[in-house]
Amino acid sequence: MPRFSVIVPAYQVQAYLDESLDSVLTQSFEDFEIIAVDDCSPDSCGAIIDGFAARDSRVRPLHLPENVGLGLARNAGIAEATGDYLIFLDSDDTLAPGALRAIADRIGETGEPDVLVYDYARTYWTGESVRNTFAEHLTETGPATFTLADRPGLLKVLMVVWNKAYRRAFVEAEGFTFPPGYYEDTPWTYPVLMAAGSIAVLDQVCVGYRQRRQGNILSTTSRKHFDIFDQYDRVFAFIDARPALAAWRPVIFRRMLDHFSTLFTTRGRLPHGSRTEFFRRARAQCARYRTPGGPAPWRARLRHGLIRVGAHRTYRALWSAKLLRGRLRRLTGAVRRVVRAASLQAYYRIQLRLPVRADRAVFAAYWHRGYACNPAAIEAKARELVPGMHTSWICRPEDAHTVPTGTRPLTPGTYRYWQALARSKYLVNNVNFDRRLVKRPGQVLLQTHHGTPLKTMGLDLQDRPAAARSMDFARLLANVDKWDFSLSANRYSTLVWEKAYPSGSADCTTLEYGYPRNDLFQRATPADVARLRESIGVPEGATALLYAPTHRDYRRTQHLGLDLERVVRELGPDFVILTRAHYSYEAPLVREPHPRIIDVSGHPSVEAVALASDALVTDYSSLMFDYANLDRPIVIHSSDREAYEAARGTYFDLHSCPPGAIAHSEDELLDIFATGHWRAARSAQLRAAFRARFCPYDDGHAAERVVRRVFLGDTDVQVTAVPPAEQRPVPVVVPAPATEPGSPAVPAAAGSGTVPADRQAAPAERGLAGAQSVKGT
């Protein structure tokens, strides 16, 4: 007997059925059966189901001789089910990865409840995913199991059948079945929750609720929406048959009126000319089941009162007035924004006529995110070395807390923002400033960039539309022409930047000085590393792997190329994984907590996270170039190399000059760690060659060189390549072995031996408090 029977009714969903069934069959928890019900679908649903059944014995096909509708198709699936628990999945929705494992674990933890309620997220055709807004009612605090009377707030969670698991013995004992018609979930869900002797919750998104552009039955215009009256007749009949449930009558009555109101005011559902009839039937239903006492806000009471007295025209008038008020509010807001934008630009034009202030500098990074990257390191050094320098940092209000004391935060689009851009002598950014920026005589613009380029950039994207998308190359060149200085980490980067971002100005100077954001790696101490590991939550003695993949131009959603739960399980209890999502996604790599997977996507400093880790696992992220300065192991996971290079392109073949071992699959990655190759001699040799090529100037003084050249006008700044063997980054936490199987003995990697005396005392400059980067690169 399987643990779960997953019932999937299918009718005219051939475009989505494959993905839905796949989402179940690829679950890490495998003790289930799928009862796929072909509701006499006229499209290819039946053939798709048969194809899955032929490939996987867990799929049990059920072909109905005639179309019976969603509710009766589910009943047919229930009749065939043999699992301990029933799970319903609509055939255009999907189970989230790991959902069945989480559901099984929670059922075990809570002692086999009658019903387990879990969360869902609406997934849109645009790729956007929005979690249920009433998720707070699924918190797992309090008793493990309860009844609906203990937590009536559960009724606010969407009343559907597919966000719950039902103990089959409970369903059979109570005789629950689905009725025909629209809104068949209503007379199932309310009775099930009211009758359940034990309910538990799982605060985890387990279902992706697809929001289709068209084809959703409840979004079609039809008289079948009148079925809602019959469905609530069934709910109240269930309550009336059980006197112990009488206390729920006023609650269900209020929810029924809310449901009527929503349906009545939703455009496109009721046929033209049928609203009067609908309102009349709603009034009759109200008179039949009215039970005072249910809690409701005053606005809902007004709606309910109008339905009770049958004030159809008044209701529609108030509804129309509400819609008109909303339109006027939006129009007023649009006019206000236009007027404010014109006022700001007029103010900016005035400021452009006032003198440039030589003691003012404006910094920004990553499109107005927090205090980060090369601009942050330069800003800190400028305040240290330049007498009387006043600095400002442009960032979003939610990132203002990352800006250090003594630096003024500026919110984009404000009057102070435009004043600073107009009158500050120095403008420093790792991306471009606002396209409306007027570069004035006397102003100095420093472009720091934000990584050593592996993937193609700038003008080199002209023949790569998947990566370039809507990039305006003429605007790009106009911005480049404003640069006075372009910062480069190495000779390789210099050659790329000058080709990808060719300046039309003869005065633009490339500063091949190294990256200031990497100064931290040469200045940090073991004490700094220990504090960082403790603050992030790395257990003492554990080996911390930083997993930081880059974004994919050929995908709209975040790419997770590894099953991290499997990886951390295979690596063993001595390993933890620090996951860092690319900043462009604004979302973590792993949504659900795991004791040995720590999300560090929100940490303000990628450099600090790198210091806290023992090794890096990445794909094509430029973080590998910075991380190499630490002389700690790097493993490349390159599972989609062909697709990535076809969409984005790279400037060199990473496989010809890797910073360490390369895995082409998850199994190869696990093998690299199992055999010790990730930190053995061959990997150290590859890393040393990589550092020699890409990290020659990262000696801890790059920020000082930039400030002396740009802010102090010192044209005699000298930079000398430092051989990797002479660089002294902070030691690695877990020492690497000197040799690997089959390799000759070589000296241990830098940082794996005794801590030099001059590195045992003072913490890194600024104490790591001004963390210098956000998310990934």
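Helices (H or I, at least four residues) and strands (E, at least two) are DSSP runs, numbered from the N terminus. With those labels in hand, we can walk through this structure together. It is a predicted model, in which local features need pLDDT of at least 70 and side-chain atom pairs count only at pLDDT 80 or more, while totals for chains, interfaces and linings use all residues. Residues are numbered from 1 along each chain as its sequence is written, and side-chain values use heavy atoms, with hydrogens and water left out.

Let us start with a sheet. Strands of a sheet pair through backbone hydrogen bonds, either parallel or antiparallel. Here, two strands are said to pair if DSSP finds at least two bridges between them. Seven strands build an open sheet with parallel pairing, and their order is β12-β11-β10-β13-β14-β15-β16. At the edges are β12 (408-410) and β16 (509-512), each of which pairs on one side only. On average, neighbouring strands of this sheet are turned by 25° against each other, direction ignored. For such angles, axes are lines fitted to C-alpha atoms (for helices over the stretch in contact), and the angles run from 0 to 180 degrees between N-to-C directions.

Now follow the pairing from strand to strand. β10 and β13 run parallel and are joined by five bridges; A364 stands opposite N429 in β13. Four bridges then link β13 to β14, again in parallel, and V428 has L446 in β14 as its bridge partner. From β14 (residues 444-447), the parallel pairing with β15 (residues 485-488) rests on two bridges, and here L446 stands opposite F485 in β15. Finally, β15 and β16 run parallel with four bridges between them, where L487 is partnered by L511 in β16.

Helix α12 (residues 373-385) lies across β10 (357-364), β11 (390-394), β13 (424-429), β14 and β15, and runs at about 165° to β11. Helix α16 (residues 491-500) makes a right-handed β-α-β unit with β15 and β16. Right-handed means that, with the strands pointing away from the viewer, the path from the first strand over the helix to the second runs clockwise.

Next, look at two loop residues. K455 sits in the loop between β14 and α14 (465-468), and K455 is buried, with a relative accessible area of 15%. Not counting residues up to four places away in sequence, K455 touches T550, H551, Y644, R648, G649, T650 and Y651; contact means heavy atoms within 4.5 Å. P412 belongs to the loop between β12 and α13 (415-423) and is partly exposed at 26% relative accessible area. Leaving aside neighbours within four places in sequence, P412 is in contact with H368, I394, C395, R396 and Y417. P412 and R396 are 16 residues apart in sequence, and 6.8 Å apart in space from C-alpha to C-alpha.

The structure holds 41 of them. In one, the side chains of R396 and D399 meet at 2.8 Å, N to O; R396 is partly exposed at 24% relative accessibility, whereas D399 is buried at 12%. Another joins R687 and D631, also with an N to O distance of 2.8 Å. This pair links distant parts of the chain, 56 residues apart: R687 is in helix α24 (residues 681-694), and D631 is in the loop between α21 (623-627) and β21 (634-637). Both R687 and D631 are buried.

Our last stop is helix α18 (residues 526-536). Which of its residues are buried? The buried residues of α18 are D528, V529, L532, R533 and I536. They cover an arc of only 130° around the axis, so they lie on the same side of α18; the arc is that of the directions from the helix axis to the C-beta atoms. On the other side of α18, E534 and S535 are exposed.

Technical notes:
Buried < 20%, exposed > 50% of the residue type's maximum accessible area, 1.4 Å probe, protein only. Salt bridge = Lys/Arg side-chain N within 4 Å of Asp/Glu carboxyl O.
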